[in-house]
Amino acid sequence: MKEIKVDAKCLQCPGPIVQLFNAIKNADPGDVIVVEATDKGFYNDVQAWCKKTKNELLSLEDKGDVIIAKVKKV
Amino acid sequence: MAKKTIIVFSGDLDKAMAAFIIANGAAAMGDEVTMFFTFWGLNILRKPEGVKVKKSFLENMFGKMMPRGAERLGLSKMNFGGLGAKMMKYIMKKKNVNTLGELIENAKALGVRLIACTMSMDVMGIRKEELIDGIDFAGVATYLAEADEANLNLFI
């Protein structure tokens, strides 16, 4: 189990979820991906993405200028 | 795994970008995506450089009048003879939006299947050699078979 950081700041839609998708693909089950994004849509998108791909959204924070999501690969 | 199909009929920059953003998004959601390029949409897949191929006079004229590749497309609205498209690309670059060329590359990397409609190619006099690498060539039956299995089908 490891933590993988993904810097998706400055990327526009669908950049952040593409980065998350690629990171999950290369991760092992149980690994946690921490995505930082500035795309405003990412807050809702990451929730939809997790629901659809059945990965677990551990936490989601909107810090104003950056959105941070922690996703566990199932 | 779900499947999505998109028919890309338009050769406008804005519409092509919308199509590829949806395709990349769907692929990132874990879906299988097929894009079927027909009529003006074929121009998106043209290589930017001129390729020497044998064509009839009319095919040649037609080919010269249509944009060669993703970089040369115009906007569906407010194009102003290409000025609008230039301005839009400038703004999108400043806002860090992927270019259409990048979106196409990403789509390929994500495994999106790109299919060029062979009938449109024949009508418009576009040869296989003039289109970018890594795409398939097929007809309406291939698209319909894919659409049968899909739960989303868009015509753009």
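The area buried between chain B and chain A is about 1000 Å², meaning the accessible area (1.4 Å probe) that the two parts lose on being put together, summed over both. Carbon and sulfur atoms give 67% of that area. This is a predicted model: local features need pLDDT of at least 70, side-chain atom pairs count only at pLDDT 80 or more, and totals for chains, interfaces and linings use all residues. Residues are numbered from 1 along each chain as its sequence is written.

Across the interface, 14 residues of chain B are in contact (heavy atoms within 4.5 Å) with 12 residues of chain A. The count of salt bridges between the two chains is one. A salt bridge is a side-chain nitrogen of Lys or Arg within 4 Å of a carboxyl oxygen of Asp or Glu. Here B:Asp31 pairs with A:Lys52. Helix 1 of chain B gives the largest share of the side of chain B that touches chain A, five residues.

B:Asn24 is found in that helix, residues 13–28. B:Asn24 counts as buried, at 1% relative accessibility; buried means under 20% relative accessible area (1.4 Å probe, protein chains only). B:Asn24 touches residues of both chains, including A:Pro14, A:Val18 and B:Leu110.

| Pair | Atoms compared | Distance |
|---|---|---|
| B:Asp31 and A:Lys52 | closest N and O atoms | 2.9 Å |
| B:Asn24 and B:Leu103 | side chain to backbone oxygen | 3.2 Å |
| B:Asn24 and B:Ile104 | C-alpha atoms | 8.7 Å |

B:Asn24 and B:Ile104 are 80 residues apart along the chain.

Definitions and conventions
Chains are lettered from A and ligands numbered from 1 in the order in which they are written. Side-chain values use heavy atoms; hydrogens and water are left out. Helices (H or I, at least four residues) and strands (E, at least two) are DSSP runs, numbered from the N terminus. Buried means under 20% relative accessible area, exposed over 50%, partly exposed in between (1.4 Å probe, protein chains only). A polar contact is a pair of N or O atoms within 3.5 Å; within protein, one must be able to donate a hydrogen and the other to accept it, and residues adjacent in sequence count only if both atoms are side-chain atoms. Lists of a residue's contacts leave out its neighbours within four places in sequence.
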